[in-house]
Structure formats: structure tokens, C-alpha cells
Amino acid sequence: MTRQIHRRNAAVQVWTAYLDNRAKRNRDARFLVHGVRPITQALAHDWPLETLLYRLGDPGLSSWAREILDTSTVPAVGLAPELMADLGEKSGGPPELVAVAEYARGELASFELGEPGEAPVVVVFDRPNSPGNLGTLIRSADAFGASAVIVSGHGADQYDPRCVRASTGSLFSVPVFRVSGTTEVSEFRDRQIDRGVPTRIVGTDENGERAIFDDDLLDATILVVGNETSGMSAAWLAACDRTVTIPMGGSASSLGAPSAAAVALYEISRQRRTFTR
């Protein structure tokens, strides 16, 4: 029989804090996962889950939630509907299932990617303002086959529930690293080159040196996308081996960061489907 909680206690207070208290998430190295696809993807990718929280009482659980509780080895705790409502996102009623997940382990300093002859893609998001935008970019990176995402500077938290939800579970299939600035990424590029994987840092900028479709993106690429408000910092512009721009025909001067990333990743994918070395 699983444990059941009917009144707010210390454990519920801790779980509730993970919704919007980034410092608490970081201290405990725990975060919440909401939604059918994110939870399903977390389980499919063997992401370390600490607890599955489920809703007690009526209405009953869906066949999806019941199957997960019946087949998963993750400890389950039943919560009264009003407690699950406190753990849910702002819209809608009490969720039927919420996962308490552990942070991923690993640092960019020890990360190796690809072998000689391969051309992996990594995306850097410079100081993202919005957790939703970060999650959307992670989703695009996953969709177009990027091998990792790097968050640079003091930006949005990839473990914010809004980011996890916006990623639609891609957070659990694409490694996400955090770095303080350009140095760690430049060192990663240099290590890749030393391993026989020629790699360049390519920045997207409205004043880029050439149109993205005129650039050769067949080699391993570290694609840098700037902050939603101010674009790439001067440090990132200096760190790039080259910059590209996305030509537009409307009155807008630039695309939003997730959109720019998706367009650039599509162009990289298109070139690799069309051309060979």
C-alpha cells in the first residue's frame, strides 16, 4: 500500500516550494515534472525520479496514470486533491500525477561528443529571459537532432516547471549544461578539435557576416543564440568564429530567440540532407 497524505505537512511544503523557488530547487537538486508527455519521456529515458505524487479520491485516475503507478518502481505517494492542486500549474484542476525528479549530473568540462568524421550540433542560449522560451528551444534542439544545449550566464532555469513543460519532455533526452560564459564553450570547442572533430562556434545575429543559407554548416557546429532582448553579448560576439543572419522580408528586425534557433537548426539539417563532404 502506498503512503497517503491528507493534510499539508513538511514534505508537501517542500514539494510546493519547487514550483517557484529556484534556490530551493538548487539546494535540494530536485524539481517537479507535470504533464503526460514530460512524465512519460522522463520514465522512457530512465531519468532519476524520486517520487510519483498522485491524486486521491474522485475523479479516478486515467489509464495512463494508473499504468505508470502499476508498472514503475518509483515510490508513489497519494495526496488529497487540494494538496495536488497546490502542486499543479496555475490553470486547470488538480493534476492526477506529478513527478519529483532529481537534477542531472555532469559538467561540460568532462563532456565529449562525436567521433572523427561526425559533425554534431550543440546549441548555446545566451542569458535566456524566459523559462518557456528556454524549454521551446530545448524542444527544437531535440527535434532537429542537436546533441546538447548549453545555457550561458544568469538566465532562466531549465528545471523551472514552465521550462520542463515547454520542452514537452525533450529536457530528458537532450543533455543541458550551464556555464558562466564563453570560456567553457571555447574550451569545449578546442577539445573537440583536438579529438579530431573540427568544430566552429557560429553566432546568429541580425548584423551577421552572411546569410545563414550562404554559410557552410556541414562541420560540427556550436550554434549561439542571443538573449531575447539584447541579442548576443559582446563577449559572445568575440567568441564566435563567424556570425550569420536570418534574412527576413517583413518589418521585424529580428526573430525571437526560440524561432531563430529553430530556423538555424532547420538550415543545418537541410544542408546535411542535401550536401555531403
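In the predicted model, arginine 8 is in contact with Gln13, Thr16, Leu83 and Asp86, leaving aside its neighbours within four places in sequence. Arginine 8 sits in the loop between β1 (3-5) and α1. Its relative accessible area is 40%, so arginine 8 is partly exposed. One of the contacts is polar: the side chains of arginine 8 and aspartate 86 approach to 2.5 Å. Arginine 8 also lies 9.2 Å from alanine 80, C-alpha to C-alpha, although 72 residues separate the two in sequence.

Helix α1 spans residues 10-17. Asparagine 9 caps the N-terminal end of α1. A side-chain oxygen of asparagine 9 lies 3.1 Å from the backbone nitrogen of alanine 11. Within α1, Val12, Trp15, Thr16 and Ala17 are buried. Thr16 is also among the contacts of arginine 8.

The model contains an open sheet of 7 strands. The strand order is β8-β7-β6-β11-β9-β12-β10, and the pairing is parallel. The edges are β8 (176-179) and β10 (210-211), each of which pairs on one side only. Helix α6 (residues 131-143) packs on this sheet. Helix α6 touches β6 (121-126), β7 (148-152), β8 and β11 (220-225). The direction of α6 makes about 170° with that of β6. Helix α8 (residues 182-194) lies across β6, β7, β8, β9 and β11. The angle between α8 and β9 is about 145°.

Strand pairing can be followed at residue level between β9 and β12. Strand β9 covers residues 199-204 and strand β12 covers residues 242-245. The two pair in the parallel sense over 3 bridges. In one of these strands, β12, arginine 242 is the bridge partner of valine 202.

Serine 152 lies in strand β7. Its relative accessible area is 2%, so serine 152 counts as buried. The side chains of serine 152 and tryptophan 236 are joined by a polar contact of 3.0 Å. Beyond residues up to four places away in sequence, serine 152 touches Val124, Phe125, Asp126, Arg127, Pro128, Val179, Ser180, Gly181 and Trp236.

Helix α6 also meets another helix. The axes of α6 and α10 (residues 257-274) come within 9 Å and cross at roughly 10°. The two helices are therefore roughly parallel. On the α6 side, the contact involves Asn133, Thr136, Leu137, Ser140 and Ala141. On the α10 side, the partners are Pro258, Ala261, Ala262 and Leu265.

The structure holds 14 salt bridges. Side chains of opposite charge can pair when their charged atoms come close. One of the salt bridges joins aspartate 28 and lysine 24, at 3.2 Å from N to O. Both residues lie in helix α2 (residues 22-28). They are 4 residues apart, about one turn of the helix. Aspartate 28 has a relative accessibility of 25% and therefore counts as partly exposed.

A salt bridge also joins aspartate 70 and arginine 66, at 3.9 Å from N to O. Both residues belong to helix α4 (residues 63-71). Their spacing is 4 residues, about one turn of the helix. Aspartate 70 counts as exposed, at 55% relative accessibility. Arginine 66 counts as partly exposed, at 38%.

A further salt bridge pairs the side chains of arginine 195 and glutamate 112, at 3.6 Å from N to O. Arginine 195 lies in the loop between α8 and β9, and glutamate 112 in the loop between β5 (97-102) and β6, so the pair ties together parts that are 83 residues apart in sequence. Salt bridges that share partners join Glu112, Glu115 and Arg195 into one network. Glutamate 112 counts as exposed, at 56% relative accessibility.

Key: Residues numbered from 1 in each chain as written. Predicted model: local features only at pLDDT ≥ 70, side-chain atom pairs only at ≥ 80, totals over all residues. Heavy atoms only, no water. Pairing = 2+ DSSP bridges. Contact = heavy atoms within 4.5 Å. Axes fitted to C-alpha atoms, helices over the stretch in contact; angles between N-to-C directions. Salt bridge = Lys/Arg side-chain N within 4 Å of Asp/Glu carboxyl O. Buried < 20%, exposed > 50% of the residue type's maximum accessible area, 1.4 Å probe, protein only. Polar contact = N/O pair within 3.5 Å; in protein donor to acceptor, adjacent residues only side chain to side chain. Parallel < 35°, antiparallel > 145°, perpendicular 65-115°, else oblique.
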